[in-house]
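Subject: Structure handover

Hello,

Here is the structure for you to look through. My notes follow below it.

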Amino acid sequence: MLYQDIYIYYYLVDVQEFGGGAEVSLRAEEQGLIMNKNMLPGDTKAMSPSGLRLGVQELTRVGMGTDEMTDVARFYARVLLEQEDPSKVKSDVREFKSNYQ
């Protein structure tokens, strides 16, 4: 994303339909994924925002590229859309991350 000649390496995502940013970020953390709850336009309560902020700085720092971002997106989908067993996702995330740490 480019904003006034400054590259911004994060995305804001509306996850209200999945329980909101606070709930989704906690659920994801249990599965080995770290993301921040974030207020979106129209939100009025900082502790119960409807969004998440997904950053890629740390991912690129450890050597991940475009292909790996697709893999990371799949982990998010497994958490948010498929509501897969947390222990399975966490195990897969741990294995994936071991290639970069």
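The largest nonpolar core holds 18 residues. Among them, V24, L33, M35, L52, V72 and Y76 touch the most other members. A nonpolar core here is a set of buried Ala, Val, Leu, Ile, Met, Phe, Trp, Tyr and Cys residues joined through side-chain atoms within 4.5 Å. Buried means under 20% relative accessible area, exposed means over 50%, and partly exposed is in between (1.4 Å probe, protein chains only). Two or more residues of this core come from each of α1 (21–30), β5 (51–55), α3 and α4. The largest share, 5 residues, is from α3. Helices (H or I, at least four residues) and strands (E, at least two) are DSSP runs, numbered from the N terminus.

Two points on how to read this. The model is predicted, so local features need pLDDT of at least 70 and side-chain atom pairs count only at pLDDT 80 or more, while totals for chains, interfaces and linings use all residues. Residues are numbered from 1 along each chain as its sequence is written, and side-chain values use heavy atoms, with hydrogens and water left out.

Helix α3

The 15 residues of α3 should span 21 Å at 1.5 Å a residue. The expected span is 1.5 Å times one less than the number of residues. The end C-alpha atoms of α3 are 21 Å apart, which agrees. Its buried residues are E68, V72, F75, Y76, R78, V79 and L80. The cover over them includes α1, β5, α2 and α4. V72 is in contact (heavy atoms within 4.5 Å) with L59, M64 and F96, leaving aside neighbours within four places in sequence.

Strand β5

L54 is found in β5. L54 is buried, with a relative accessible area of 16%. Not counting residues up to four places away in sequence, L54 touches Y9, Y10, Y11, V13, M35 and Y76. The C-alpha atoms of L54 and I34 are separated by 8.5 Å, and these residues are 20 apart along the chain.

The largest pocket

This pocket has about 430 Å³ of space. On a 1 Å grid over the protein atoms alone, a pocket is an open set of points where a 1.4 Å probe fits, with protein on both sides within 12 Å along at least five of seven lines; lining residues have an atom within 4 Å of a point. Grid points are joined across faces, edges and corners, and the volume is the space filled by probe spheres set on the points. The lining has 21 residues, and I34, G55, E58, L59 and Y76 lie nearest the centre. β5, α2 (57–61), α3 and α4 each give two or more residues to the lining. The lining divides into 13 nonpolar, 5 polar and 3 charged residues. Ala, Val, Leu, Ile, Met, Phe, Trp, Tyr, Cys and Pro count as nonpolar, Asp, Glu, Lys and Arg as charged, and the others, Gly among them, as polar.

Loops

Which residue has a positive phi although it is not a glycine? That is Q83, with a phi of about 45 degrees. Most residues other than glycine have a negative phi. Q83 is found in the loop between α3 (66–80) and α4 (86–98). Q83 is exposed, at a relative accessible area of 58%.

E17 lies in the loop between β3 (10–14) and α1. E17 counts as exposed, at 71% relative accessibility.

Best regards
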